[in-house]
Amino acid sequence: METSKYFPSVETLDEGYQKTFKNCDELLPTLPQTKGWWFGQLFQYHGFWISGFCIRGSMLNHDHFKPRSTDIVVATSPKCGTTWLRALVFSIINRASFDFSDHPLRKANPQDLVPFFEKIIHKDGSTSFVDGIPSPRLLSTHLPYSLFPTRMTDDTSACRFVYIYRDPKDVFVSKWHFASKLRPKELPPLSLEETFDLFCKGVSHYGPFWDHVLGYWKASVESPKKVLFLKYEDVKKEPLGCVRKVAEFLGVPFTPEEENKEIVEQIVKLCSFESMSNQDVNKLDKRYQQRPVSNSDFFRKGEVGDWVNHLSPQMAEKLDQITEEKLQDTGFNFH
Ligand code: PAP
């Protein structure tokens, strides 16, 4: 079980926070558990496999986070395009503040500009850090939509979610590569076949993948002003149109003057895989960053359909079949 080791000074916190930590510490051992693909345990929490640390983040959110109407949440199931969407949303929102030749995205990884919500909500052991971020706050999450409190998801709160999903075959391959890199060398390597079976059973970080996607898709249908639902493959195919769509959804459409200055084109170029993966900051290794993950780990190929190089036709067929079954009668179609 993961304990309060992340919060060494928990006793010094307000009673309300202490209560949340205590509730979480009591809850975790009662949940079904399994080993994560790299390090740590995953717990089955409200139907999703999540680390203890992120469950605690979710509980802190539930009990203490004060959303603002200007909050923008970049939401994804892991490996669906989080890094890319963070970069796009950051550059859309801040387009008037920076020159493209000397842009923050040339000096910082998108995760430092659009922080990971389940993680930073722990910073300082309370929500004080996240409360102190100036508006509009740009946050990023892997939490399923159903885990957000109603004060963030009902139509009266104006905070917005931009979600991106991707072909599960490419998601699995990307996740397997990522996990293989992160996995401690003392452990046996992750077999592609065994990991594939886990993914198919929904046992992966924030899995089952399909339930995650469906949660946001339903929300986008019910509340189109609150949740924008994008597809990685569409953004690859038509990046300019997608960037305009995101800006419009966020209430900051491009003006004719901005269009004349080709701001949309510059955003797309800056955030492209080629540009981002070649920034020195994104070539950094974790040893220099004192982090468990290197910035460079978030850039592999950035292509559509790389699964053909890793999955057998039988595996691909199996995953497609699961996808079809999961989506049956939902009204949603991956294609
Ligand atoms: P996360 O959910 O763990 O934060 P995320 O950024 O979603 O990771 O996943 C990384 C994937 O996005 C990688 O895909 P691949 O393994 O299939 O190559 C990565 O290459 C891809 N990616 C990162 N940046 C971009 C980008 N600017 N454009 C397109 N794809 C990108």
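Predicted model: local features only at pLDDT ≥ 70, side-chain atom pairs only at ≥ 80, totals over all residues.
Local features require pLDDT of at least 70 and side-chain atom pairs pLDDT 80 or more, whereas totals for chains, interfaces and linings use all residues. Residues are numbered from 1 along each chain as its sequence is written, and side-chain values use heavy atoms, without hydrogens and water.

Polar contacts are pairs of N or O atoms within 3.5 Å. An oxygen atom of the ligand lies 2.6 Å from a polar side-chain atom of Lys79, and an N or O atom in the side chain of Ser174 is 2.6 Å from an oxygen atom of the ligand. For Tyr232, a polar side-chain atom is placed 2.7 Å from a nitrogen atom of the ligand. Of the 640 Å² of accessible area that the ligand has on its own, the protein covers 96% (Shrake-Rupley method, 1.4 Å probe).

Lys79 also lies over the face of Phe178, at 3.3 Å from the ring centre; the criterion is NZ of Lys or CZ of Arg within 6 Å of the ring centre and within 35 degrees of the ring normal. Lys175 is positioned likewise over the face of Trp37, at 5.8 Å from the ring centre.

Aromatic pairs, defined for rings of Phe, Tyr and Trp (its six-membered ring) with centres within 6.5 Å (planes under 30 degrees apart stacked, over 60 edge-to-face, the rest tilted), number 26. The ring centres of Phe209 and Trp210 are 5.9 Å apart with planes at 85 degrees, so this pair is edge-to-face.

Technical notes: Polar contact = N/O pair within 3.5 Å; in protein donor to acceptor, adjacent residues only side chain to side chain.
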